[in-house]
Amino acid sequence: MFQNTRKKSLLSSIVTICELIYHTTVRDVRSTHGNAFMALFVNISTAIIFVLAFYFMFTVLGLRGAKLRGDFMLYMMSGVFLYLTHVKSLGAVAGAAGPSSPMMQHAPMNTVISITSAALGALYIQVLSALVILFVYHTAFQRIEIDDPIGALGMLLLAWFTGCGVGLLIMAAKPWFPTAVNLVQVVYTRANMIASGKLFVANTLPGYMLAMFDWNPLFHAIDQCRGYVFANYFPHNTNAQYALIVGCVLLVLGLLAEFYTRQFASSSWYARR
């Protein structure tokens, strides 16, 4: 009431918001573990376990010869990295601080900043983990050759972007139907173990099977990523533009749903549940 307010310029407001996003992102990254190195180590261990599990599964079943020519471990990592990035970003955005969170009591904090920070924190951890694993594999085991690293990184960002879109929808719907939405999130995550296409090549699928997976933007991102990673693979049945359009639609719908939900948010939201 008796505070002396001073009008800020547009540039000053942008700098303040970016600084707040940075500090909130650091807080989200450090919230997974008290030690930043341990938080990174846990995520790297998860990716390594995924890659080794699928490697031994394909080796035991004798399916390695059915895949595209090139480094088989790089083939597995190209699918696992994008899958984990998609799933982790979905979970981070879906679990971001909502309008009734105590953090929202501190101006100029808002839900947009918390969502952006959660998404950037998940992207930072996943990209850093992928770089560490690729560096160790390149130096200690076998030399890695990626045909188009920039394109492969773009597909990783596309998997992250679509995951953020799905997570935003889940975040907006969770206060209304918490049990059902949590179930949908678990089912979606588990279904993408197969539907993401990280275990097979889209060019080898018959038409009736391709129709079961081409709805999934992650399926398109992973297949296109392998086209950038391997010089002798040309994806014909997937389209990165489709995944980008789906991600933009999900983002817009999620923002609209989050704005609508925010109008009814209160500290006693779950009192009747």
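**Entry 1: helix α8.** I looked up the length of helix α8 (residues 217–229): at 1.5 Å a residue its 13 residues should span 18 Å, and its end C-alpha atoms are 18 Å apart, which agrees. The expected span is 1.5 Å times one less than the number of residues. Helices here are DSSP runs (H or I, at least four residues), numbered from the N terminus.

**Entry 2: basis.** I note that this is a predicted model, in which local features need pLDDT of at least 70 and side-chain atom pairs pLDDT 80 or more, while totals for chains, interfaces and linings use all residues. Residues are numbered from 1 along each chain as its sequence is written, and side-chain values use heavy atoms, without hydrogens and water.

**Entry 3: surroundings of α8.** I found 12 of the 13 residues of α8 buried, so the helix is largely enclosed by the rest of the structure. Buried means under 20% relative accessible area (1.4 Å probe, protein chains only). The buried residues pack against α3 (72–94), α5 (149–173), α6 (178–195), α7 (207–210) and α9 (240–262). At the N-terminal end, asparagine 216 caps α8, with a side-chain oxygen 3.1 Å from the backbone nitrogen of leucine 218.

**Entry 4: threonine 162.** I located threonine 162 in helix α5; at 1% relative accessibility it counts as buried. Beyond its neighbours within four places in sequence, threonine 162 is in contact (heavy atoms within 4.5 Å) with His86, Pro217, Ala243, Gly247 and Leu250. The side chains of threonine 162 and histidine 86 are joined by a polar contact of 3.2 Å. A polar contact is a pair of N or O atoms within 3.5 Å, one able to donate a hydrogen and the other to accept it.

**Entry 5: whole chain.** I recorded nine helices and zero strands. Of the 273 residues, 43% count as buried.

Technical notes. Helix = DSSP H or I, 4+ residues; strand = E, 2+ residues; numbered from the N terminus. Buried < 20%, exposed > 50% of the residue type's maximum accessible area, 1.4 Å probe, protein only.
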